[in-house]
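Colleague: I'm new to this one. Could you walk me through it?

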Amino acid sequence: MEEYRLELRQVSKSFGEVKALENINFQLGRNEIVGLLGDNGAGKSTLIKIITGYYHPTTGEIYFNGHKVKDLTVPKARKLGVETVYQERALAELQTLWRNIFLGRELCNSMGFLDIQRMRNETHRLMTESMGFTSHAVSPDSRVGKYSGGEKQGVAIVRALFFEAEIIVLDEPTMGLSLKESAKLVNFVKGIKEAGKSAIFIDHNIFHVYNVADRVVVLDRGKVAGEFLTQNISVTELMEKMVRVAETGKFD
Amino acid sequence: MNSHTNETATEVTQDYKIPFSLRRFVRAYSPQLGILGVFLTLWFIFIVSAPDTFLSGRIYSAFMTSIPFFAIMAIPLTIVVIAKEIDLSFPSIMAMGMVAFSFVYNGTAFIGNGTVRVLLAMIGALVAGTIIGWLNGIIIVKFGIPSLVVTIGTQFFWRGAVLVLTSGTNFPLTYIKETFLYPVLVGKIGGFLPMQMVWLIVITIIGWVLLNRHKFGAHVYLTGDNINSAELMGINTGRVRIQAFMLVGLVAAFAGLLYSFYIAYFWPSLGDGYLLNTLASVFLGGTSVFGGTGTILGTFLGAFIIGAIEAATVTVGLTGFWTQLIYGFIIVLSVIMHTYLRKRGE
């Protein structure tokens with residue numbers, strides 16, 4: 001039996017009376033990029049937050065590399081190699097760049113004292129090597145709040161990469177980016193695959209998703225409405241199907 | 001190719017450093033420098049207006065005697081405010097700690113040694129304060145009620161508990177003077193430096209280290225700055241906030257011990273009158289009520305400004321009626337200054 005990097009079985013999530021997700025079965029293979037599509041309120045963000053451990057599913061099971069994981073939390077998911085670039089970017093804007101890069105997993109000794117110099121060094125290295133930031137405004141000690149939208153997104157992405165992620169979740173990463181920045185990002189997602197990692201990619205722009213994904217999963221009203229391998233479907237067909245699903249809840 | 005790899009390797013091992021620049025320094029430390037400016041300006045005004053008083057050591061000895069009682073509580077309160085919470089219950093915790101103190105002391109009469117009894121009673125007070133702080137935090141975090149509302153409630157509750165448990169009576173604590181703990185807590189080094197000032201410095205340093213060099217402090221800043229981001233990235237913001245309230249409880253009980261030892265007496269009203277001084281020290285020091293920013297040094301200087309104004313207005317030749325007016329004026333002016341500096345820094 002093939003072992004998936006990540007698998008959800010019969011996952012449902014309710015918020016009180018509202019069923020956000022219903023009996024979701026979802027697989028992410030090794031070295032695979034899965035695009036997640038669906039209208040607003042289809043349940044994409046809820047699904048993401050279950051994978052990252054932020055929400056606990058009401059029912060259902062989560063498997064990492066074939067092993068069932070109970071009570072997934074954010075730190076646990078990160079240990080299992082899930083790194084996320086959230087739609088809301090999850091930055092602390094009054095804090096410095098190095099504090100944001102290491103947000104939630106600060107480098108410290110066994111007593112909990114911070115290794116500030118090492119974090120600043122690493123931040124500086126990441127900035128110049130990975131992000132390609134050369135502007136003087138961006139330094140390890142500058143506040144993230146004054147960065148441009150693209151720079152902020154760069155911080156969120158580099159942060160996800162730094163920690164040797166196996167699964168990278170990108171929730172609307174091109175939102176608020178310029179065309180040029182978006183193109184850069186799409187290339188970057190392709191690079192994830194070349195590096196042998198897996199990714200889940202959510203974007204409102206269907207062309208971005210189609211271009212990078214091996215497979216797309218379409219969500220509608222909390223259910224999986226369908227899955228397609230991108231090699232078997234043209235982008236126009238996919239778009240037509242998306243519209244039909246949004247209107248009728250069915251593909252045909 | 002080889003040389004390139006070597007280059008990268010040296011780059012990584014070399015510490016990231018930037019050459020010192022005054023502009024960057026001023027920008028990075030603008031809240032501390034701002035309040036330091038206010039502090040020095042006021043000091044200068046005091047010295048010029050009443051040189052006899054402010055050029056002699058006696059007034060400073062007096063400041064160092066009275067200011068630490070509320071200043072030490074302002075340190076953990078700063079941490080709570082940076083985490084975007086507030087605590088108004090600490091004056092009652094001071095008194096409640098002393099109630100625990102007397103319970104433990106009276107309950108250990110079977111131990112012959114008075115020093116041991118006082119020591120146990122002190123531990124009892126500190127534990128009680130920490131537990132009350134923990135309860136504050138639990139109510140705020142688990143029920144999701146704003147801390148302003150919760151601690152207004154617990155402030156009344158614990159003051160009420162003090163009055164019920166002591167039947168509103170006051171009692172002397174003269175026995176503490178016979179133990180070595182008395183000089184350790186509130187003695188005077190060389191007849192000039194009060195021990196409570198030493199304790200204030202110790203707690204200030206611990207507070208600074210916790211906030212700036214420890215993971216806990218990093219999480220406090222992140223929680224106060226953007227609690228949603230902090231949670232998405234896996235920080236247990238509930239635990240961070242509960243721990244911050246526990247620190248306030250612990251230190252408030254300690255402040256209660258210091259003050260009661262100093263006067264060798266217990267009053268059930270212990271702590272009344274410290275609420276606004278302590279809060280004012282925190283905000284005067286540049287800690288933002290919106291969370292995410294604030295400094296320990298600012299609070300430390302803020303407390304001394306607050307503590308000095310009262311004595312200063314009188315010695316400068318104004319009547320005591322002026323005190324509050326000047327208080328208010330300086331607080332409002334400083335908060336405007338901090339807001340301006342923060343906007344420029346962003």
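Predicted model: local features only at pLDDT ≥ 70, side-chain atom pairs only at ≥ 80, totals over all residues.

Colleague: How many helices and strands does chain A have?

Modeller: Chain A has eight helices and ten strands. Its C-alpha atoms fill a box of roughly 55 × 40 × 35 Å along the principal axes.

Colleague: And what is the radius of gyration of chain A?

Modeller: The radius of gyration is 19 Å, close to the 18 Å that the globule rule gives for 252 residues, so chain A is as compact as a globular protein of that length. In chain A, 45% of the 252 residues count as buried. Among contacts with a separation of 6 or more, 66% are between residues 24 or more positions apart.

Colleague: Which domains is chain A divided into?

Modeller: Domain 1 takes in 1-81 + 165-252, and domain 2 covers 93-164. The C-alpha centres of these two domains of chain A lie 27 Å apart.

Colleague: Let's switch to strands. What order do the four strands of the open sheet follow?

Modeller: The order in chain A is E2-E1-E4-E5, with antiparallel pairing. E2 and strand E5 (67-69) are the edge strands, each pairing on one side only. From one strand to the next, the twist averages 30 degrees.

Colleague: How many bridges join E1 to E4 in chain A?

Modeller: Five bridges join strand E1 (residues 6-15) to strand E4 (residues 59-64) of chain A, and the two run antiparallel. Leu6(A) has Phe64(A) as its bridge partner in E4(A), and Leu8(A) is partnered there by Ile62(A). As background, side chains in a regular strand alternate between the two faces of the sheet.

Colleague: What about E1(A) and E2: how many bridges do they pair over?

Modeller: E1(A) pairs with strand E2 (residues 18-28) of chain A over seven bridges, again in the antiparallel sense. Ser14(A), for instance, stands opposite Lys19(A) in E2(A). E1(A) and E2(A) form a hairpin with two residues between them, and Gly16(A) in the turn has a positive phi of about 65 degrees.

Colleague: Now a single residue. Is Val209(A) buried or exposed?

Modeller: Val209(A) has 24 other C-beta atoms within 10 Å, and 20 or more are needed to count as buried, so Val209(A) is buried. Val209(A) lies in helix H7 (residues 206-212) of chain A.

Colleague: Which residues does Val209(A) touch, leaving out those up to four places away in sequence?

Modeller: Val209(A) touches Gly35(A), Leu37(A), Phe201(A), Asp203(A) and Val216(A). Take Leu37(A): Val209(A) and Leu37(A) are 172 residues apart in sequence, yet their C-alpha atoms are 8.2 Å apart in space.

Colleague: Great, thanks!

Note on methods:
Residues numbered from 1 in each chain as written. Chains lettered and ligands numbered in written order. Domains from an automatic or database assignment. Buried ≥ 20, exposed ≤ 12 C-beta atoms within 10 Å, placed from the backbone. Contact = placed C-beta atoms within 7 Å. Pairing = 2+ DSSP bridges. Rg over C-alpha atoms; globule rule 2.2 N^0.38 Å. Axes fitted to C-alpha atoms, helices over the stretch in contact; angles between N-to-C directions.
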